[in-house]
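Please look through the structure shown below with the explanation that follows beside it.

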Amino acid sequence: MSQHKIDEDIQELIVRYRPIITFRVRKALGPQNADCEDLVSEILSQVMGKIQSGEFRGESSLGTFVYTITSRRIIDYIREKTKVMKYAPEPVPFPDPQETLEVQELSEKVKKALARLKPKYRDVLYLYYYQELNREEVASRLGISTRKVSELVNYALKLLRKELKT
Amino acid sequence: MSKCKFEDSIDGYLLNRLGEKDREAFEEHYFNCSSCFELLRERDVIIRTIKNNPQLLVEEKVEAHKPVMATIRRELASFLSPRQLALAGITAILILVVIFVFVPRNPSPAPSFFLSDEETVRGSSITLISPVIDMSQVPSSFEWKKLGEDIEYQVSIFNNLLLWRTTTKENRITLPEEVRAKMVPGEKYSWQVKAFSSDGTLIAVSSRVQFKIAPR
């Protein structure tokens with residue numbers, strides 16, 4: 001394999017996995033955590049290093065390989081912090097989506113789309129996502145079948161996704 | 001478009017409902033499946049936006065505190081268009097205006113009533129004449145003030161319970177022997193008269209008067 005080919009592969013790898021690793025790290029640490037970016041870069045260079053040194057032998061998929069490295073690094077990070085702080089930093093469960101401009105824009109679109117939804121969809125989304133009731137609970141609260149709840153949730157998501165694509 | 005079986009785990013993962021094994025399996029999956037990761041990222045923004053802006057979904061929930069009003073409004077809306085509703089409202093206002101403006105506000109004075117001695121007002125009292133005080137012996141007759149012609153009187157005599165009841169068109173009755181026999185010296189009794197017009201309506205009631213028969 002030529003050095004040029006390897007460089008290309010690495011570029012592709014970064015483009016593909018950076019967002020996934022970032023998502024996983026932010027979910028674990030909370031997007032407000034200033035260490036997120038550093039951790040993601042560290043994980044990426046670890047992945048590249050291991051691939052270049054031949055540690056990735058293709059026994060599992062590349063995705064699983066990256067996943068394993070990411071998970072280990074997150075566990076290590078939390079362990080380090082726990083030593084210093086007694087308690088691991090507990091991320092806010094559902095931080096306001098503001099971490100990047102892209103996410104902010106998406107969130108604005110979601111807000112507009114939510115406001116335009118018909119009440120039947122808004123009710124279901126409110127109970128299912130905001131109150132975190134399960135489908136059966138939502139069904140009994142609204143006096144409809146569980147199947148109908150799933151249909152409404154799925155259709156509402158479809159409508160939202162359509163708005164996000166525009 | 002075929003659906004990945006992991007798509008169903010997206011909500012569970014984001015709402016932290018998955019067990020450790022399922023969570024790890026799903027995480028490994030989205031490192032490998034770009035379509036699931038796209039959905040996940042989108043759903044994450046949707047859920048977090050909902051979590052941070054519930055007012056967008058529940059604005060109208062505030063009105064849910066007045067479900068009756070909301071129901072009435074919905075009911076009205078279901079059989080009247082806004083235009084019809086507006087017309088109905090205007091009609092109602094016009095009717096009220098007509099009632100308050102054009103109907104004379106000073107009605108003629110109420111008629112006054114005069115009663116002759118023979119007349120009685122329904123519900124007025126009958127004056128009992130005898131017996132009204134303690135008796136030295138069992139009374140043989142009962143007498144009250146006459147109200148008018150063609151009136152039927154119902155006379156009731158009580159000890160604690162009803163002892164005897166009869167009707168008459170006279171303004172007095174004589175007690176039959178068997179009733180007198182039931183009345184014991186030393187006991188308390190009371191009596192009452194009700195007056196009925198010829199068509200059977202109650203027009204007057206006396207007060208219930210108590211008397212005692214002196215012990216022998």
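Buried residues make up 25% of the 166 residues in chain A, where a residue is called buried if 20 or more other C-beta atoms lie within 10 Å of its own, exposed if 12 or fewer do, and partly exposed in between, with the C-beta atoms placed from the backbone. This is a predicted model, in which local features need pLDDT of at least 70 and side-chain atom pairs count only at pLDDT 80 or more, while totals for chains, interfaces and linings use all residues. Residues are numbered from 1 along each chain as its sequence is written, and chains are lettered from A and ligands numbered from 1 in the order in which they are written.

Chain A has 7 helices and 0 strands, and its elements, followed from the N terminus, read α-α-α-α-α-α-α. Helices (H or I, at least four residues) and strands (E, at least two) are DSSP runs, numbered from the N terminus. Of the contacts in chain A between residues at least 6 apart in sequence, 53% join residues at least 24 apart; two residues are in contact if their C-beta atoms, placed from the backbone, lie within 7 Å.

In chain B, 17% of the 216 residues count as buried, and the chain has 7 helices and 8 strands. Among the contacts of chain B with a separation of 6 or more, residues 24 or more positions apart account for 59%.

How do the two chains meet? The contact takes 29 residues from chain A and 23 residues from chain B. On the side of chain A that touches chain B, two or more residues each come from helix 1 (3-29), helix 3 (62-85), helix 4 (101-116), helix 5 (119-130) and helix 7 (146-165) of chain A. Helix 4 of chain A gives the most to this side, with 7 residues. The residues of this side of chain A divide into 19 nonpolar, 4 polar and 6 charged, where Ala, Val, Leu, Ile, Met, Phe, Trp, Tyr, Cys and Pro count as nonpolar, Asp, Glu, Lys and Arg as charged, and the others, Gly among them, as polar.

The next topic is the nonpolar core, a set of buried Ala, Val, Leu, Ile, Met, Phe, Trp, Tyr and Cys residues joined through C-beta atoms within 7 Å. The largest nonpolar core has 25 residues, and those with the most contacts inside it are A:Ile20, A:Ile21, A:Val25, A:Val40, A:Ile43, A:Val66 and B:Tyr30. At least two residues of this core are supplied by each of helix 1, helix 2 (36-52) and helix 3 of chain A and by each of helix 1 (9-14), helix 2 (20-32) and helix 3 (34-52) of chain B. Helix 1 of chain A provides the largest share of this core, 7 residues. Leaving aside residues up to four places away in sequence, A:Val66 touches A:Tyr17, A:Ile21, A:Val47 and B:Phe31. A second, separate core of 21 residues includes A:Leu106, A:Ala113, A:Leu127 and A:Val149.

Turning to the strands of chain B, strand 1 (128-130) and strand 2 (141-144) run antiparallel and are joined by 2 bridges,; two strands pair if DSSP finds at least two bridges between them. B:Ser130 stands opposite B:Glu143 in strand 2 of chain B. Strand 2 of chain B is also joined by 3 bridges to strand 5 (residues 172-174) of chain B, and these two run antiparallel, with B:Ser141 standing opposite B:Thr174 in strand 5. The covered face of strand 2 of chain B holds B:Phe142 and B:Trp144, whereas the uncovered one holds B:Ser141 and B:Glu143.

Some backbone details remain. Most residues other than glycine have a negative phi, and most peptide bonds are trans. A cis peptide bond, however, joins B:Ser130 and B:Pro131, with omega about -5 degrees, and B:Pro131 lies in the loop between strand 1 and strand 2 of chain B. Phi of A:Glu132 is near 55 degrees, a positive value in a residue other than glycine; A:Glu132 lies in the loop between helix 5 and helix 6 (135-142) of chain A, and counts as partly exposed because 15 C-beta neighbours lie inside 10 Å. Phi of B:Asp150 is likewise positive, near 55 degrees, and B:Asp150, in the loop between strand 2 and strand 3 (152-158) of chain B, is exposed, with 7 other C-beta atoms within 10 Å.
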